[in-house]
Amino acid sequence: MTKLSVNINKIATLRNSRGGNMPDLLEAARNIERFGAQGITVHPRPDERHIRYADVRALKPILTTEFNIEGYPGERFIELVNEVKPAQVTLVPDGPDAITSNAGWDTVAHRDMLRDIVARFKENGIRVSIFVEADPRMVEAAVATGTDRVELYTEAYATGYKTDPERAIAPFAAAAETARECGLGVNAGHDLSLENLEYFAARIPGLLEVSIGHALISEALYLGLENTVRLYLQKLQNAAHGKR
Ligand SMILES: CC(=O)[C@@H](O)[C@H](O)COP(=O)(O)O
Ligand SMILES: NCC(=O)COP(=O)(O)O
C-alpha cells in the first residue's frame, strides 16, 4: 500500500514565527509516527526559514519510520544528507528564493549533473528520488541519472482535480506507467489533500509514497493532528481497496 510521509515544514514555520520551541517539532514528529504515518519528510531551504539544518540532525536519531529529506542539491545540502543518512533523499530543482516548489527537473538538460549527485548519495546507501513533472519524457530521461524513484509533482493534478478529475489524472497515470516500464519507483507530492488524495492513489497503480504537508497540517487545525493523519491513512486504504 502507498506510504504516507508527513512533511513537517509547516510545523517548523509556526515555531520559527515566535522563536522558542513551540510547537515542538520533535514531539510532533514522534506523534505523527505514533498516529500511523509511515514516514517523515522535511525540505530544508538555504535560508532555513522553516526546517533548520539542526532540526534535520535532531530528527534522525528519534525517528522510527522512513526519513525523507527533500531539497535542491547544493553542496551544503549534499553534505547534510550524506552526514544524516536518511532512508531517502528527494532532489528538487528549487531556486534559493522559491516560496515553495514550483517545477520538476528537466532530466534531459541536467542529466550529467544529476547522475553525479545521485552517485554521491547512493555511495552512502541512500535511496534517491527525483522530483519531475508528469511528463513521460522527463521520467524516461531520469533513468540515466541512476535514480531509484521519481516523485511526480502533483500541483497540476490538485488544481485540475477541482474541475475535471479525469482529465487532471491522465498525465499522471501515463507518467507512472512510463516509470513502471523503466523500472523506476513512483512517489508523488505537492498540494495533495484530504479532498484529492484518494482519487489520485486509486488511479496510480504501484504508487509507493505520498509526501503531504501544507494541506495536512492546515486540516489538522480543524480536525486535530491524530484524526487528520488517520483520515489520510484511511484515504490510502480506500484507494488500495478500490473504493472511490
Ligand atoms: C517538493 C515539494 O513539493 C515539497 O517539498 C514542498 O516544496 C514543501 O515545501 P514548503 O513547505 O516549503 O512549501
Ligand atoms: N514532496 C511534497 C511534500 O513534501 C509536501 O508538499 P505539500 O503537501 O506541502 O504541498
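This is a predicted model: local features need pLDDT of at least 70, side-chain atom pairs count only at pLDDT 80 or more; totals for chains, interfaces and linings use all residues.
Me: Why is K85 called partly exposed?
Reply: K85 has 14 C-beta neighbours inside 10 Å. Buried takes 20 or more and exposed takes 12 or fewer, so with 14 K85 counts as partly exposed. You'll find K85 in the loop between α4 and β4.

Me: And what makes D191 partly exposed?
Reply: D191 has 19 other C-beta atoms within 10 Å. The cut-off for buried is 20 or more, so D191 goes down as partly exposed. D191 sits in the loop between β7 (185-189) and α9 (197-203).

Me: What makes the backbone at K85 and D191 worth a look?
Reply: Most residues other than glycine have a negative phi. K85 isn't a glycine, yet its phi is positive, about 50 degrees.

Me: How do you know that the bond between M22 and P23 is cis?
Reply: Omega there is about 0 degrees, and the bond is listed as a cis peptide. Most peptide bonds are trans. P23 belongs to the loop between α1 (9-16) and α2 (25-34).

Me: How do you know that β4 pairs with β3 and with β5?
Reply: Count the bridges: pairing needs at least two. β3 (residues 66-71) and β4 have four, in the parallel sense. β4 and β5 (residues 127-132) are also joined by four bridges and run parallel. V89 shows both partners, standing opposite I69 on one strand and V128 in β5.

Me: What makes the crossover from β4 to β5 right-handed?
Reply: With the strands pointing away from you, the path from the first strand over the helix to the second has to run clockwise. The chain goes from β4 through helix α5 (residues 111-122) to β5, and this crossover is right-handed. The β3, α4 and β4 unit is right-handed too.

Me: Which residues of β4 point one way and which the other?
Reply: Q88 and T90 go one way, V89 and L91 the other, and all are buried. In a regular strand the side chains alternate between the two faces of the sheet.

Me: What makes V132 stand out in the largest nonpolar core?
Reply: That core has 69 residues, and V132 and L152 have the most contacts inside it. Leaving out residues up to four places away in sequence, V132 touches residues including W105, M138, V150 and L152.

Me: How many residues of each class make up the shell around ligand 1?
Reply: Two nonpolar, nine polar and one charged. Gly counts as polar, and the shell includes G189 and G213.

Methods:
Residues are numbered from 1 along each chain as its sequence is written. Chains are lettered from A and ligands numbered from 1 in the order in which they are written. A nonpolar core is a set of buried Ala, Val, Leu, Ile, Met, Phe, Trp, Tyr and Cys residues joined through C-beta atoms within 7 Å. Two residues are in contact if their C-beta atoms, placed from the backbone, lie within 7 Å. Helices (H or I, at least four residues) and strands (E, at least two) are DSSP runs, numbered from the N terminus. A residue is near a molecule or strand if its C-beta atom, placed from the backbone, lies within 6 Å of it.
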